[in-house]
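Please keep the structure open while reading.

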Amino acid sequence: MSYKIFKINEDLKDFMPPEIVDLEEKATWGNPKRGVMDLPYSKELIEEHSLCAGCPESAAFRYILASLPNPEDTIIVNSTGCTSLVFPHIALHTVHSLFGNQNAVASGIKRVLEWRFPDKVKDVIVLAGDGATVDIGLDCTLQSFFRQEKITTICFDNEVYANTGGQESGMTVKGHVFKMAPKGKQWDKVPMWQLAIDSGCHYVVRMTVSSPKKVEKVIKQAIYVAREVGPTYIHLYTPCILEIGLNADDGLEEMRRTDKERFKFFEYMTDAAKEVIERKKEEGLI
């Protein structure tokens, strides 16, 4: 994805797999109007990534990476989970934090970057699962909102601890049964998007990733608002098709079904966020 960051040694280039070379040569960096429409012609993530076949997270990753307005100067902070498996397969600045403290790490990175590069835009994005964001990492997540850190937090909600065998999480739907949670969830799903609003986020969205163009718009708006105003939060439903017993090609249909139910599109913005978004639209960047 980057001519500057991801650079293959010329002496080894003839031996590298073509899709690794494509990460360097078929990039869309340097174009603030880049987006998901570039995906058929560019390379943001290698096909042989380590996520499961048909995993909606892989689609979400592609849409998010394609939508970053400033990828050369974007740092993604992640945490342990399915999301962390894919970071070796992208060409972007990433930091792997301890499980749950990703927002604390991102806060420190953002502050240091603002001090070190006061005249340059540096975006910091947290990308983690529901276990890291809401369950184990809720304290660090909310504290970053309280402090008004200028970072964007994206939660991949698959409603289960998927890569450890299927334990329920705070985001599991009431009554849902998993392999390691045979009694079924005893209480309702935590409305994290509402907690984000109540904790001071200036732009909050809940949605699935069934619509690539809508994902692009939301990601760009969240990042632009975080740059100028304060914390933003995006809650994405990325179902674990294995844990809910679906086939590899059923992920999209599952998201379309929930588009009309518990993950119906929800968007909140403060007046300050609205001003930024309207200005960026006038500039043709959204």
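The sections below move from the whole chain to single side chains.

## Overall fold

The model is predicted. The chain has nine helices and seven strands. Its radius of gyration is 18 Å, close to the 19 Å that the globule rule gives for 286 residues, so the chain is as compact as a globular protein of that length. Along the principal axes, the C-alpha atoms fill a box of roughly 55 × 45 × 35 Å.

Of the 286 residues, 55% are buried. Among contacts with a separation of 6 or more, 67% are between residues 24 or more positions apart.

## Annotated domain

An unreviewed UniProt entry carries the annotation "domain: Thiamine pyrophosphate enzyme TPP-binding" for residues 89-235. Over that stretch the chain is 37% helix and 18% strand.

## Helix α1

Helix α1 covers residues 18-25, and six of its eight residues are buried, so the helix is largely enclosed by the rest of the structure. The buried positions are Glu19, Ile20, Val21, Asp22, Leu23 and Glu24.

## Nonpolar cores

The largest nonpolar core has 49 residues, and those touching the most other members are Ile64, Leu127, Ile154, Phe156 and Leu236. At least two residues of this core come from each of α2 (56-67), β3 (123-129), β4 (152-157), β5 (203-208), α7 (212-228), β6 (232-237) and α9 (271-282). Helix α7 gives the largest share, seven residues. Apart from this core lies another, of 12 residues, including Leu142, Trp193, Val204 and Tyr233.

What does phenylalanine 156 touch, leaving out residues up to four places away in sequence? Its contacts are Glu57, Ala60, Phe61, Ile64, Thr83, Leu127, Ala128, Gly129, Asp130, Leu236 and Thr238. Two of these, Ile64 and Leu127, are named with Phe156 among the core residues that touch the most other members.

## Aromatic pairs

The chain holds four aromatic pairs. One of them joins phenylalanine 61 and phenylalanine 156 edge-to-face, at 5.3 Å centre to centre and 80° between the planes. Phenylalanine 61 belongs to helix α2 and phenylalanine 156 to strand β4, 95 residues apart, and the pair links these distant parts of the chain. Both phenylalanine 61 and phenylalanine 156 are buried.

Another pair, tyrosine 237 with phenylalanine 263, is stacked: the centres are 4.5 Å apart and the planes 10° apart. Tyrosine 237 lies in strand β6, while phenylalanine 263 is in the loop between α8 (251-258) and β7 (266-269), so the pair ties together parts that are 26 residues apart in sequence.

## Charges over rings

Tyrosine 237 also has a charged neighbour: arginine 262 lies over the face of its ring, at 5.4 Å from the ring centre. A second case involves lysine 280, whose charged end sits over the ring of tyrosine 224, 4.8 Å from the centre of that ring.

Definitions and conventions
Residues are numbered from 1 along each chain as its sequence is written. This is a predicted model: local features need pLDDT of at least 70, side-chain atom pairs count only at pLDDT 80 or more; totals for chains, interfaces and linings use all residues. Side-chain values use heavy atoms; hydrogens and water are left out. A nonpolar core is a set of buried Ala, Val, Leu, Ile, Met, Phe, Trp, Tyr and Cys residues joined through side-chain atoms within 4.5 Å. Buried means under 20% relative accessible area, exposed over 50%, partly exposed in between (1.4 Å probe, protein chains only). Helices (H or I, at least four residues) and strands (E, at least two) are DSSP runs, numbered from the N terminus. Contact means heavy atoms within 4.5 Å. Rings of Phe, Tyr and Trp (its six-membered ring) pair if their centres lie within 6.5 Å; planes under 30 degrees apart count as stacked, over 60 as edge-to-face and the rest as tilted. A charge sits over a ring if NZ of Lys or CZ of Arg is within 6 Å of the ring centre and within 35 degrees of the ring normal. UniProt positions are given in the numbering used here, feature names are shortened, and annotations may be inferred rather than shown by experiment. The radius of gyration is taken over C-alpha atoms; the globule rule is 2.2 Å times the number of residues to the power 0.38.
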